[in-house]
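This report describes the two chains shown below and how parts of them pack together. It is meant to be read with the structure open.

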2 protein chains.
Amino acid sequence: MRIPTLLIFVIALFTFSCNTPPHASDTSAQQQTSVSSKDPLPSWNEGPSKKAIVDFVAKTTKAGSIDFIPIPERIACFDNDGTLWSEQPMYFQLAFVMDRVKALAPQHPEWKDTQPFKAVLEGDLKTALSGGEKSMMDLMMATHAGTTTEEFNKIVKDWLSSARHPRSNRPFTEMVYQPMLELLNYLRANGYKTYIVSGGGIDFMRPWTEAVYGIPPEQVIGSSLKLKYTMTDTGPVIQKLPEPNFVNDKGGKPVGIEQHIGRRPIFTGGNSDGDYEMLQWTTTASGYPRFGLIVHHTDEVREWAYDRTSSIGKLDRGLNDAEKYNWLIVDMKMDWKKVYAFEK
Amino acid sequence: MRIPTLLIFVIALFTFSCNTPPHASDTSAQQQTSVSSKDPLPSWNEGPSKKAIVDFVAKTTKAGSIDFIPIPERIACFDNDGTLWSEQPMYFQLAFVMDRVKALAPQHPEWKDTQPFKAVLEGDLKTALSGGEKSMMDLMMATHAGTTTEEFNKIVKDWLSSARHPRSNRPFTEMVYQPMLELLNYLRANGYKTYIVSGGGIDFMRPWTEAVYGIPPEQVIGSSLKLKYTMTDTGPVIQKLPEPNFVNDKGGKPVGIEQHIGRRPIFTGGNSDGDYEMLQWTTTASGYPRFGLIVHHTDEVREWAYDRTSSIGKLDRGLNDAEKYNWLIVDMKMDWKKVYAFEK
């Protein structure tokens, strides 16, 4: 079976640099998303990007407008990694996988002599991932399967409460983009239903997306393992099996949208070529107006700068075809007044 | 690959009797669902069933009640066939399959000599389904795959606009249960999000559930074929492949709920043993109060009467264990003042 998405994990040299000192404030990003009645997007600089978004929302929600879209059709889909929160120096889910291997190691003495586990335990990520797809699959299965859905939910929550991003030394859930939180709120305030459509694991996202993004678990679409309903002595459980179910990346994103939503989105945001087909599926639809947005990582100071040749979040086809499909390229450095809520 | 659900189709002798003359009224069931401010369930007779439902909704939605459930957690899941609309004298989707075979026959001259198509074309349903799972699979693949999702949507809508139920001679979408429409509205008016969780095809339901039940496509969970995103000369399409993706029946129902919703339901309604695990998964959950409801087909005059030995909608384990799990058995004959909206 081909699991092309897993390749996106097999990517990088993860230099864990701690350039930024920990900040004193412990305010979560979520607390700072209240939208001013005057300006719904205060962390966006004035300019063509902000204007394009505001104009689109205005024309599609104004009664009597020829571009008016009925509320049930107002579906907005966003990629997660690199679009709603950072994805550097590695996908945050990969940090979780590494920590899980270490946590589970005492129950697996054989891992000391078995790759890719041996390399992970020795902190040698490059070697750990050198086995390509097979290595990543072994790591995913060993850390994501073999629990019930409810157990896994708790494991993710526990990890997020203690793990810290290597550069900011903050919880990973504070590495969300303040301008995108504002955009999500703004769309919802205008009758749009917001979804996450991510190549990441659906079970890794659902435990926290409601608190962090205001997006409930039923509006999270992601990659998944097969599940099995089983009766135990203490009641029924749903077990996570070590078998891939769905890969929600590239052409899988429109398929995941169709399976979960059954409508073509009106508004879609992404950042990498993994989002290309989702953007294409959105903005080639007939009928209502559509909006495609790409977050371009141009800010090497406040965030990271990468695009066409990056091993994480590669954006090449998207830049080539943005004009053809009328996708808005959001320039993070130019368009965002602030990247994270915790910035001074 | 085992496709146990398809067996539910391989069932019956379908005597198409037309006992009931066509009625003059063309009012759709949907138009008659407005809920009185006094009685939210006017088509339910007073009695323990109605009281149990109203008491549950009251206690779970009253602020300050120890049983209060926050709105985001108020998830209500309903089976479709036999729970929200009739399923006799055959699953309505099977009537669609039969008509589709006839419509497609001119493009398939070989079907005149190939079972099970030959038997379908000759109106011999018993022979058509005598090949068991394999026959049904052949029929499903031939009629549900090979189109795009958007084409299939239109095919279903066109069929529903012309097809008539063999007994009532009304559109199949008028064979919905008025008391259940009221229950759906009542739950929604009290902050519950209503879902369909059916063994039927997800693509067969979504084109009409919003108009008929007020349930949008993103809240419909069902069985499905695999899908493929493809670029064509005229733009991207999603193709329905002749390959099973998911069987949303029995233990598959809790799995489908987990995949789509990611929360355990609060309120679940079903009618057959295909709903057993969904009911069990709901009412064994800890934390909030839960409600399980089974529609018992006891009305041989207004609808049909069947349960433990029926080939369609068999209800045996559910009756045995209803008391153990505290499931409410709704007696259609006793509890419902009216079954269909079109009744005088």
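Which residue of chain B comes closest to the rotation axis? The answer is B:H260, whose C-alpha atom is at 3.3 Å from the axis. The model is a predicted one, and the values below are computed from it.

## Symmetry of the two chains

Chain B can be laid on chain A by a turn of 180° with a shift of 0.0 Å along the axis, and the RMSD is then 0.0 Å. The two copies are therefore related as by a two-fold rotation axis. The same surface serves both copies, as 100% of the contact residues of chain B recur in chain A.

## Overall make-up of chain A

Chain A has 344 residues, of which 60% count as buried. Its secondary structure comes to twelve helices and eight strands. Among the contacts in chain A with a separation of 6 or more, 71% are between residues 24 or more positions apart.

Strand β6 of chain B covers residues 291–298, and eight of its eight residues are buried. In a regular strand the side chains alternate between the two faces of the sheet. In β6(B), the residues B:F291, B:L293, B:V295 and B:H297 point one way. B:G292, B:I294, B:H296 and B:T298 point the other way, and the residues of both sets are buried.

| Partner of β6(B) | Residues | Sense | Bridges | One bridge pair |
|---|---|---|---|---|
| β5(B) | 267–270 | parallel | four | B:G269 and B:L293 |
| β7(B) | 305–306 | antiparallel | two | B:H297 and B:Y306 |

β5(B), helix α10 (residues 276–283) and β6(B) make a right-handed β-α-β unit. β6(B) and β7(B) form a hairpin, with six residues between them.

## Helix α11 of chain A

Helix α11 of chain A spans residues 317–325, and its buried residues are A:G318, A:L319, A:D321, A:A322 and A:Y325. What do these buried residues pack against? Within chain A, they pack against α10 (276–283), β6 (291–298) and β8 (328–331). They also pack against β3 (220–232) of chain B.

Two further details concern this part of chain A. The charged end of A:R317 sits over the ring of A:Y276, 3.8 Å from the ring centre. Just after α11(A), A:N326 takes a positive phi of about 60°.

A charge over a ring is also found in chain B: B:R167 lies over the face of B:W304, at 3.9 Å from the ring centre.

## Aromatic pairs

Over all chains, the structure holds 44 aromatic pairs. A pair of aromatic rings is described by the distance of the centres and the angle of the planes. For A:F96 and A:F152 these values are 5.8 Å and 90°, and the pair is edge-to-face. The pair links distant parts of the chain, with A:F96 in helix α2 (residues 92–104) and A:F152 in helix α6 (residues 149–162), 56 residues apart.

## A buried loop residue

A:Q88 is placed in the loop between β1 (75–78) and α2 of chain A. Why does A:Q88 count as buried? Its relative accessibility is 10%, and the cut-off for buried is under 20%. Leaving aside neighbours within four places in sequence, A:Q88 is in contact with A:H165, A:W304, A:Y306, A:S310 and A:I312. A:G131 lies 43 residues from A:Q88 along the chain, and the C-alpha atoms of these two residues are separated by 21 Å.

Terms used
Residues are numbered from 1 along each chain as its sequence is written. Chains are lettered from A and ligands numbered from 1 in the order in which they are written. This is a predicted model: local features need pLDDT of at least 70, side-chain atom pairs count only at pLDDT 80 or more; totals for chains, interfaces and linings use all residues. Side-chain values use heavy atoms; hydrogens and water are left out. Rings of Phe, Tyr and Trp (its six-membered ring) pair if their centres lie within 6.5 Å; planes under 30 degrees apart count as stacked, over 60 as edge-to-face and the rest as tilted. A charge sits over a ring if NZ of Lys or CZ of Arg is within 6 Å of the ring centre and within 35 degrees of the ring normal. Buried means under 20% relative accessible area, exposed over 50%, partly exposed in between (1.4 Å probe, protein chains only). Contact means heavy atoms within 4.5 Å. Copies are superposed by least squares on the C-alpha atoms of residues with pLDDT of at least 70 in both. Two strands pair if DSSP finds at least two bridges between them. A crossover is right-handed if, with the strands pointing away from the viewer, the path from the first strand over the helix to the second runs clockwise.
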